[in-house]
Amino acid sequence: MNHHADQQQPTVTPSYPAGQLDKAFLTALTHKDAVARRRAAERVRRWQDVLAGMADGRLTVGSRTPVAGFPAWVTLEVVRGGFATGAPAAGGPLQPYEQEAARRAGVPQDRRALFAHCLTEPGLTRLYALLDSGRYEITVPEEAALLTVAWLVRSGDITGALVLLDELWPFAGTLRFLPRPSPRPAPDAAAVHRRTVAEASCALARRRPHEAVEAQREALAVWQPFGDELLAHWLQIITTDREPDRAPDAAWHERGAVLLERYRSLAAAHTRCGKHRNPKENLGILRGALEEAVAGRPLDARRLGLLRHAVAAMVRRRGRPGSERHTALRREQALQAALPSHHALAQLVLRRLSELPQDVGTADVAPLVAPVSEDEARETGLPVGASVPAAIRRNVETALSAPVGTLVAQGVVPSPEVLAELVPQLTAATTAQAYQDGALRTLMAATYRAFRHRRSLLLVNLQRQVRVDELPWVRAVAEQRAPAAVRPPARTALRQLGELAVQGFPATILPNPLVRELGVLARQAELDAPLVEELAADIFMGTFTPKFLAAAQVAGELLGGTLYERYYSIDYAAVQHLAIIEPDGTPSHRYAARTSPGFARLCTERAGTGGPEPSWSVAANGAVIEQAQILTTHNLATLVHRVGIAPEPGWPDLARRCFAAVCRLTARVHGNPRPLATVKEAAYAWRQMVFHLSLCTPDEQRHVIGGLEAQTARRPGHVAARLEPALAGLRFVADGGAFDTDGTTDNGRTRCFLGWATAGGHWLCHRPH
């Protein structure tokens, strides 16, 4: 992406899509896994569509309507980075359920014909039945459109139905507006799951036997016992003391021939371990010498010396075959080899999963990961009581259906990004409570869930993503909403989810999808709670929407005079007096204004990037964005001050956990050729820590800060050395000091910890002395 200081809008070039195409093409050609190659081939197709659309002008990247002919509400196929391919997500060939619906209706296999049939009396009757049963799925929002038409007709709003149909009809032959039938109604909104049973099964089925482990198992079960037989055979004629060797007789040669024939059979059947084929290994030496002897060729001095050495080494290491020491060792190794493989146990768990409904989660994973039962042992040959490995248990647990707090507590939700994937299930149910009619409430909840799977577009010029209420079928029933009904549950859900995110992941900033969900709940709750997204430095235009200033002013109400304000050298009193500027230049405090120049100027000044001749760079943009995050606390102050979250077990615990994350991230800087992303994450965790510390009592604050060095003492030495300037800076400010304008004191030995550096590299990356 090329940017210039004198441009108001960044130019999006094909360089990023071309790079992604190259990566996908390489993976499609070279990856050893067939499934990965197929997925990469599909990515190749999509990136080719992106580049072709950009080249011929069919795609306008950066616009809310990037595909010519499609309005903003159409769900598009979007690839990484927010690039639309040009194809609608609800387009393509007829789905099997559409083909079946057309066959039953007696109409051509054509979407427009099927659309028209749904408006007839028989078609509407079928839609009414779906509405009442709730047994349907909405995978893309468009699939809710005809059900909404049916609801409007049945409720007597013929005019509303006609207006909606007029907007849908131009796309009736292209897009899927019909829902897909489901064998069961919508799931309980109180319980969520990361994966369906089918998805967990697919992930488990992709697991392959671990080659190194299986090779070791083969060595223990096959080649070491065979090596013992070879050794015992040679010990019949080779002595390990200074006595002369015994001459082999005909029976010895016959038994040797049988052993060699067995070797050839074993080598053909067991191919994981190749050590036995190495002529320099003991087993290879014994086998090669036996082949010579059985063939009637005398052993030369060199081969005889190797043979004697191998026999003596094997006896010295493990004892003679049949001896007490040797027998005990082989008994232990046999038990180890007899343990069931992870692959075999995964196949057993797959059998258990296959007996459950596949398109939902499961309320109880314990029976799925229980030890092998007697019946299962008889059927599979696995030992009774064999335990399911932890890796397989974790895979199955992703299908656990439970309240989201339970999933976070049990580690099923490992990050705020995964939490953001689950929250729409809860937000949908809360939002839909505004609709009084039960069938419409179920339909709108399904619509919302599907809408949240819609991928965001790359937008420039401060455009915003399409909202669910812009969908024509959602607008058509807007008058059916009773906002007062949703206000209390929305406030409860907002507070609970905010607490869950901060408590579960105190060192991580809220990802944008989660911020959007919390923003929806805040609007439903009618709270003045400005929530801000993380901005991308590579397309940042140097401006901020007014909610950033509003969020900073909320932070000032909470944090004025605290450690946070002093540490980051903020004048929150001055922030309170900044005004939002309308496009015509008049001050306003309404969110309708498009930008807040005063806030942008403040962030640029604090970042030190607004020189006499400012120039564009990702690092400079990142530094400005970081200052906006500092001023707003990136939603923490809003959640505490306006939403009222109170995470357990309290702010001191959250601060300690943040510092533990800082230490973990700092450890990854050591020896890292590309450490800047890790440094940025560590600085974000540090900022979260300073925020949590600022809400502690003075005694709690002193106690936590005093214990931070003890945490670094348990880490590698380079971690403590790298973090010492930051720790010294925190202690210095906590004791009443203040940083210089460059964020340092004492010639740089005491520093304010920021994530972006615009010149000279980041100090955290410098090799500690």
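**Charged pairs and their surroundings**

Tutor: Let's start with Arg475, a partly exposed residue with a relative accessible area of 42%. Here, buried means under 20% relative accessible area, exposed means over 50%, and partly exposed covers what is in between, with a 1.4 Å probe and protein chains only. Before we go on, please keep in mind that this is a predicted model: local features need pLDDT of at least 70, side-chain atom pairs count only at pLDDT 80 or more, and totals for chains, interfaces and linings use all residues. Residues are numbered from 1 along each chain as its sequence is written, and side-chain values use heavy atoms, with hydrogens and water left out.

What does Arg475 pair with? Its partner in a salt bridge is Glu167, and the closest N and O atoms are 3.0 Å apart. Arg475 belongs to helix α20 and Glu167 to helix α7 (residues 158-168), so this pair links distant parts of the chain, 308 residues apart. The term salt bridge stands for a side-chain nitrogen of Lys or Arg within 4 Å of a carboxyl oxygen of Asp or Glu. Helices (H or I, at least four residues) and strands (E, at least two) are DSSP runs, numbered from the N terminus. Glu167 is partly exposed too, at 27% relative accessibility. As a general point, side chains of opposite charge can pair when their charged atoms come close.

A second pair is formed by Glu470 and Arg64, whose side chains meet in a salt bridge at 2.8 Å, N to O. Glu470 sits in the loop between α19 (438-451) and α20 (472-476), while Arg64 sits in the loop between α2 and β1 (76-79), so the pair ties together parts that are 406 residues apart in sequence.

Now for a pair within one helix. Arg657 forms a salt bridge with Asp653, with 3.7 Å between the closest N and O atoms. The two are four residues apart in helix α29, so about one helical turn separates them. Arg657 is partly exposed at a relative accessible area of 32%, and Asp653 is partly exposed at 26%.

Some charged residues join in a group: Glu42, Arg45, Arg46, Asp49 and Glu77 are linked in a network of salt bridges. Over the whole model, the count comes to 31 salt bridges.

Arg37, Arg38, Arg39, Arg43 and Arg206 make up a positive surface patch. Patches are made of residues with over 30% relative accessible area and no salt bridge, with like charges joined within 9 Å.

Of the 769 residues in the chain, 48% are buried. Gly86 is one example of a buried residue, at 19% relative accessibility, and it has its place in strand β2 (residues 83-88). The C-alpha atom of Gly86 is 9.6 Å from that of Met54, 32 residues apart along the chain.

The loops hold some details of the backbone as well. Most residues other than glycine have a negative phi, and most peptide bonds are trans. Ser569, however, has a positive phi of about 50 degrees; it is found in the loop between α24 (563-567) and α25 (572-576). Thr633 also has a positive phi, near 60 degrees, and is in the loop between α27 (618-632) and α28. Ser569 is partly exposed, with a relative accessible area of 42%, whereas Thr633 is buried, at 2%. A cis peptide bond, with omega about 0 degrees, joins Glu648 and Pro649, and Pro649 lies in the loop between α28 (636-643) and α29 (651-669).

Finally, how many disulfides does a search of the whole structure find? The search finds zero, a disulfide being a pair of cysteine sulfur atoms within 2.5 Å. The sulfur of Cys696, for instance, is 10 Å from the closest cysteine sulfur, in Cys658, which is too far for a bond. Cys696 itself is buried, with a relative accessible area of 9%.

Key: Patches are made of residues with over 30% relative accessible area and no salt bridge: like charges are joined within 9 Å, nonpolar side chains (Val, Leu, Ile, Met, Phe, Trp, Tyr) within 5 Å. Accessible areas come from the Shrake-Rupley method with a 1.4 Å probe; for residues, only the protein chains shown count as cover. Lys and Arg count as positive and Asp and Glu as negative; His and the chain ends are not counted. The place of a charge is taken as NZ of Lys, CZ of Arg, CG of Asp or CD of Glu.
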